[in-house]
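Hello,

Here is the structure we discussed handing over. My notes on its side-chain contacts follow below.

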Amino acid sequence: MRVTQLDLNLLVALDVLLEEQSVGGAARRLHLSEPAMSRTLGRIRKALGDPVLVRAGRQMVPTPHALAVRAEVSAVVERARALFAPGRDVDLRTVERTFTILGHDTVAAACGAALLRRAAAEAPGVRIRFLAESHVDLPFLREGTADLEVGVVDTVAPEVHVETLHEDRMVGVVRSGHPLLEGELTAERFAGAEHLTVSRRGRLRGPVDEALAELGLERRVVAAVATFPSSLFVVRDTDLVGLVGSWALPLATALDLVTFDVPLPLPPLPLGLAWHPRHDADPAHAWLRRTVRELLVEWPDARAWREVGSRVWREVGSRGWREVGSRV
């Protein structure tokens, strides 16, 4: 197809189709009828020489070629929007976009509600999709699968922008009344307990084991789970010792769990944002980055929540953990 024959509207339609993976969903986004959207998909297939979306049961899935060009299509559409936008004075209330945030499930649990409230008030046409971290490392930002990564960003891709906001530290977490809470907590006592790890890859070892090895100690890890919320439910009903960061501390408090400082020199965890530079000039993406940044900066750090937990633990006495914990 010659450039003079190319309908650039097909790029916008292709971008929405790959995002929705549904003819009906794309039709609603573009304010078209489903038959009209189906005809547009047919034109896209003819132009690309590829099916683009194929039926898989009740759903449609992108072809390998569609996945390969997805990020480039999205980048071209975003550059076109920025080019034709009237300067940087974009009315966010008229923007209709779906943003995908990649991060640990505690990101959605800790900041999801506040982010959705901000979106409803400032950019009602924006939808937020939280994507869980994968057990394999993939170039989600470069490929356009995700628009923003939030959390402990360990990417080494040179083209990705990384902004560190603050450092977090892991703390121990156990059920109320756990034997480890009685008396002085030493590295030896900590190592002697049975432990639960959180790892999206199912790893049973981590920085805690390296710190213990420096002291000639070794702990027994009896299980690994993929998410922090699931680990908290396991810890609540067992004598296992878990670890959480500051984002999971409100969840731990809600489950009547007790947090404590780990008696080991654990490395800090840099929390921040990461995005592909193709989004730099996009006003809507800039709003997303700014909003998430503000929410993370406002989020209380682990020390503050540990102080709350320690104060409540001291007040428990004969009244019981549930009675005192309900006032936090």
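**Side-chain contacts**

Phe190 is buried, at 0% relative accessibility (buried means under 20% relative accessible area, exposed over 50%, partly exposed in between, with a 1.4 Å probe and protein chains only). This is a predicted model, in which local features need pLDDT of at least 70 and side-chain atom pairs count only at pLDDT 80 or more, while totals for chains, interfaces and linings use all residues. Residues are numbered from 1 along each chain as its sequence is written, and side-chain values use heavy atoms, with hydrogens and water left out.

Back to Phe190. The structure holds one aromatic pair (rings of Phe, Tyr and Trp, the last by its six-membered ring, pair if their centres lie within 6.5 Å; planes under 30 degrees apart count as stacked, over 60 as edge-to-face and the rest as tilted). The ring centres of Phe190 and Phe260 are 6.4 Å apart and their planes are at 70 degrees, so the pair is edge-to-face. It links distant parts of the chain: Phe190 is in helix H7 (residues 187-192) and Phe260 in strand S11 (residues 257-260), 70 residues apart. Helices (H or I, at least four residues) and strands (E, at least two) are DSSP runs, numbered from the N terminus. Phe260 is buried too, at 10%.

Now the charges. The whole structure has 11 salt bridges (a side-chain nitrogen of Lys or Arg within 4 Å of a carboxyl oxygen of Asp or Glu). Three of them are described here.

- Glu19 and Arg29: the closest N and O atoms are 2.7 Å apart. Glu19 lies in helix H1 (residues 9-20) and Arg29 in helix H2 (residues 23-29), so the bridge ties together parts 10 residues apart in sequence. Glu19 is buried at 18%, and Arg29 is buried at 16%.
- Glu122 and Arg118: the closest N and O atoms are 2.6 Å apart. The two are four residues apart in helix H5 (residues 105-122), about one helical turn. Glu122 is partly exposed, at 28%.
- Asp209 and Arg219: N to O is 2.9 Å. Asp209 sits in helix H8 (residues 207-214) and Arg219 in the loop between H8 and strand S9 (220-225), so the bridge joins parts 10 residues apart in sequence. Asp209 is buried at 4%. Arg219 is buried at 10%.

One more contact. The charged end of Arg289 sits over the ring of Trp275, 4.8 Å from its centre (NZ of Lys or CZ of Arg within 6 Å of the ring centre and within 35 degrees of the ring normal).

Best wishes
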